[in-house]
Structures are given as C-alpha cells and as structure tokens.
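Dear colleague,

Please find below the structure that I am handing over to you, together with its sequence. My notes on what was found follow directly after it.

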Amino acid sequence: MKKVKYAIIGCGGIANGKHMPAIKKLPDVEMVAFCDLIVDRAEKANADYGAGKGQVYTDYKELLKKADVDAVAVCTPNSSHCEITVAALNAGKHVICEKPMATSYAEALQMIEARDKSGKTLTIGYQNRYRPDSLYLKRACENGELGDIYFAHAHAVRRRAVPTWGVFLDEEKQGGGPLIDIGTHALDLTLFMMDNYKPAYCVGTAYHKLNNDTETANAWGDWDPKKFTVEDSAFGFIVMENGATISLSSSWALNSLDVREAITSLCGTKGGADMPDQGKLRINGVKYGRQFVTEPDFAAGGVAFYGGGVSTPQDLEAQRFYDCVIGKQKPYVTAEQAACVTRILEGIYKSAASKKEYRF
C-alpha cells in the first residue's frame with residue numbers, strides 16, 4: 001500500500017506531545033514536511049519524526065505549494081487555525097486541526113465552506129472523546145439509558161495550573177484563556193453526549209482576578225502578570241432550543257478543591273452520569289424501587305474502539321483521521337459539531353463583555 005504523506009504545520013508543544021508521536025505509530029503513514037516559524041523546531045521535528053529526510057519550512061504557504069503531501073495537521077496558535085486550514089483544504093489536503101476549531105463562529109463556517117468545496121476531510125482534535133470512560137458513556141447515552149438529558153455540567157477547573165509557555169497568555173493569538181483552551185474540551189464532551197447542537201442563548205462571566213498575583217504556587221512556575229492578558233476563569237450558563245441547560249466552569253487558577261478537567265456530568269429522565277475524574281465513570285438511576293450506582297471497571301480489558309489492544313486517545317484520534325484520509329471512515333469529530341462548540345464559547349465571551357445574555 002502506498003504510504004500516506006503527512007505535513008505538520010506548527011511543531012510546538014501539542015505537535016510533539018500528541019500528534020507526531022501518534023502519527024508515527026501508524027504503519028502506512030510518513031511525515032514528510034514540517035513547518036514552524038522557528039526553524040529549529042521544524043528541523044528537530046524532521047530529525048525526530050521524519051528521520052531527517054523530510055522537508056523543512058518556515059512558511060506554510062510554501063509548504064502547501066511545494067510539498068507532496070496528502071494530509072496536514074494544523075498545530076498552531078488558535079488565531080491561525082482558520083487561515084491555515086482553509087489554505088490546506090483549498091490546496092486539496094485532508095486536515096486535522098487542533099482544538100478549538102477557530103476563535104469565532106464566522107471563521108469556523110469559513111473552514112466548513114472550504115471543506116465542502118474541496119471534498120476533503122476536516123476534523124478537529126477533541127481527543128477526549130476517545131477515552132474509555134467517554135466511549136462507554138457515549139454508548140450508554142445512545143442506548144437511551146439516561147433518557148432525555150436536560151441538565152449537564154461541563155467541568156474544566158484547575159486550582160493552580162496556568163500554562164506559562166508559548167502564547168497561552170496572549171489574548172490576540174489565543175482568542176481567550178481557560179475557556180477556549182480547556183473549557184472547549186469539557187463543552188465538546190458534554191454536547192457530544194447530549195447529542196444536542198442547537199443553542200438558544202447563554203449568559204457568561206469572565207474574570208481577571210488572579211492575573212496580577214505573585215508567589216502563585218503555580219504548577220509551572222509564576223506567571224508574568226504583564227503577559228497574562230486572557231481571563232483566569234470563565235463560566236457560562238447555556239440554554240438549548242429544547243430547553244436543556246448546560247453549566248460550564250473553566251479556570252486555570254481558582255481557589256477551589258473541586259478540580260476536574262475535560263469532564264462532564266449529565267442528568268436525564270431515566271438516569272444520570274458523572275465523571276469523578278478522567279478514566280472514571282459513575283452511572284446512577286432507580287431500578288426495582290431502589291437507587292443504584294454503577295461504576296464500570298476500565299482497568300480490565302474491554303472492547304477497544306478499533307478492536308484488539310489498548311490505545312491512547314491520541315492514538316485512536318490519529319487512526320481515525322488516517323481511516324478518513326483513505327476513505328474507510330467518516331470523522332468521529334465533525335466540523336459542524338466543533339463549530340457549535342466555538343459558537344457557544346464565543347457567545348459566553350460576548351455575554352461576559354456586554355454583561356447581558358447572548359442570543360444565538
């Protein structure tokens with residue numbers, strides 16, 4: 001079988017921490033082009049994942065013009081997701097873009113339009129859908145075990161874990177702080193389980209309460225208050241068209257001991273579910289006149305997403321994208337679903353800025 005050729009645009013933390021290690025495990029894929037504004041990063045990625053045989057670029061436009069590739073992984077700051085993804089799709093490449101899809105709903109729609117014109121695959125990097133607890137809960141929801149899910153809480157709260165590297169604190173490049181960074185995972189997981197992508201309105205608040213703190217006890221060292229231009233916490237209350245409500249909590253630094261990230265809690269007419277932590281799940285309900293709680297054991301062997309063996313969420317994400325590229329599968333994360341996440345996040349930010357409800 002002909003090897004599928006990949007290009008990596010953006011060779012920073014998320015590319016090295018997730019995408020490139022996972023892609024490297026795929027037997028019928030080779031990474032042949034690497035692009036980064038910092039040429040040393042691209043050269044190191046080429047050495048580590050291209051066996052030194054790939055092409056190195058500092059301009060993604062040159063890569064798309066010259067490199068012979070089938071698929072592109074967009075791993076750049078949020079503000080450039082739309083521009084690069086649209087260019088790659090217009091160049092006839094399949095694209096997996098890191099989350100969030102874009103910094104605005106309008107940009108997300110541009111990406112979908114480019115996908116439709118190109119006929120290529122576009123998916124977004126919400127790998128938490130592939131966790132064992134997430135896959136189990138999705139099956140339970142699809143089978144109607146929770147009934148009509150009418151309330152949910154999306155959790156993305158850290159006590160003191162502000163990312164101090166890269167451009168995470170730069171509002172212009174990131175489009176926001178913890179809401180768009182980790183809140184996006186929790187909201188995606190929640191909407192996916194509810195299978196509800198029709199928001200009606202939302203109310204949001206965003207805080208800059210701790211940005212100027214010093215001696216912060218932060219997990220990655222004290223942040224620079226002058227560079228911390230995004231919110232430290234943001235919260236939203238979303239009402240869907242069918243009346244269902246979602247509460248969203250996101251923070252990089254909050255004086256709270258209820259610390260959970262990329263987690264959802266669901267309440268339905270037949271039962272409920274919550275994730276005490278990633279990899280853990282409790283399903284509750286009433287049976288034969290008695291309350292019950294079920295806790296699946298994810299340490300034991302189960303039915304793998306692709307059958308046989310145990311894979312990490314990022315490995316499953318990479319496999320699914322590859323299967324889309326060769327025409328074997330459809331995206332597990334659709335562009336339309338990811339665009340709805342972006343739409344709601346944008347609504348929360350706009351509500352926080354205006355101090356009024358935001359109607360979609």
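**Backbone geometry**

D195 is exposed, with a relative accessible area of 56%; exposed here means over 50%, buried under 20% and partly exposed in between, for a 1.4 Å probe and protein chains only. Please note that this is a predicted model, in which local features need pLDDT of at least 70 and side-chain atom pairs count only at pLDDT 80 or more, while totals for chains, interfaces and linings use all residues. Residues are numbered from 1 along each chain as its sequence is written, and side-chain values use heavy atoms, with hydrogens and water left out.

D195 belongs to the loop between α8 (178-194) and β8 (199-207); helices (H or I, at least four residues) and strands (E, at least two) are DSSP runs, numbered from the N terminus. Its phi is positive, near 50°, although the residue is not a glycine. A262 also has a positive phi, near 55°, but A262 is part of strand β11 (residues 260-268) and is buried, with a relative accessible area of 4%. Most residues other than glycine have a negative phi, and most peptide bonds are trans. A cis peptide bond, with omega about -15°, links K99 to P100. P100 lies in the loop between β5 and α5 (105-118).

Strand β5 (residues 94-98) contains E98. Is this residue buried or exposed? E98 counts as buried, at 4% relative accessibility. Its side chain makes a polar contact with the side chain of K18, at 2.9 Å. A polar contact is a pair of N or O atoms within 3.5 Å; within protein, one must be able to donate a hydrogen and the other to accept it, and residues adjacent in sequence count only if both atoms are side-chain atoms. Leaving out residues up to four places away in sequence, E98 touches I14, K18, H19, V74, C75, H81, I124 and G125, where contact means heavy atoms within 4.5 Å.

**Cores and helix α6**

A nonpolar core is a set of buried Ala, Val, Leu, Ile, Met, Phe, Trp, Tyr and Cys residues joined through side-chain atoms within 4.5 Å. The largest one has 77 residues, and L63, M101, L137, L248 and L266 touch the most other members. Apart from this core lies another, of 23 residues, which includes I8, C11, I23 and C75.

L137 is also one of the buried residues of helix α6 (residues 132-142), the others being D133, S134, L135, K138, A140 and C141. Neighbours within four places in sequence aside, L137 contacts L146, M193, T264, L266, A273, M275 and L281. The cover over the buried residues of α6 includes β7 (149-157), α8, β11, β12 (271-274) and β13 (282-287). Just after α6, G144 adopts a positive phi of about 80°.

**Aromatic rings**

Rings of Phe, Tyr and Trp (its six-membered ring) pair if their centres lie within 6.5 Å; planes under 30 degrees apart count as stacked, over 60 as edge-to-face and the rest as tilted. By this rule there are eleven aromatic pairs. Y130 and Y332 form a tilted pair, 5.0 Å centre to centre with 50° between the planes. Y130 lies in the loop between β6 (122-125) and α6, and Y332 in the loop between α9 (313-325) and α10 (335-354), so the pair ties together parts that are 202 residues apart in sequence. Y130 is buried, with a relative accessible area of 4%, and Y332 counts as buried at 15% relative accessibility.

The pair of W165 and F168 is edge-to-face, with 5.6 Å between the centres and 80° between the planes. W165 is partly exposed at 42% relative accessible area, and F168 counts as partly exposed at 22%. W165, F168, W220, W223, F228 and W252 form one aromatic cluster.

Two charged residues are placed at F192. R129 lies over the face of F192, 3.9 Å from the ring centre, and the charged end of K138 sits over the ring of F192, 4.1 Å from its centre. The criterion is that NZ of Lys or CZ of Arg is within 6 Å of the ring centre and within 35 degrees of the ring normal.

**Cysteines**

How many disulfides does the structure hold? There are zero disulfides, a disulfide being a pair of cysteine sulfur atoms within 2.5 Å. C141 is in no disulfide, and the nearest cysteine sulfur, that of C267, is 11 Å away. C141 is buried, with a relative accessible area of 14%. For C324, the closest cysteine sulfur is that of C97, at 15 Å, too far for a bond. C324 is likewise buried, with a relative accessible area of 6%.

With kind regards
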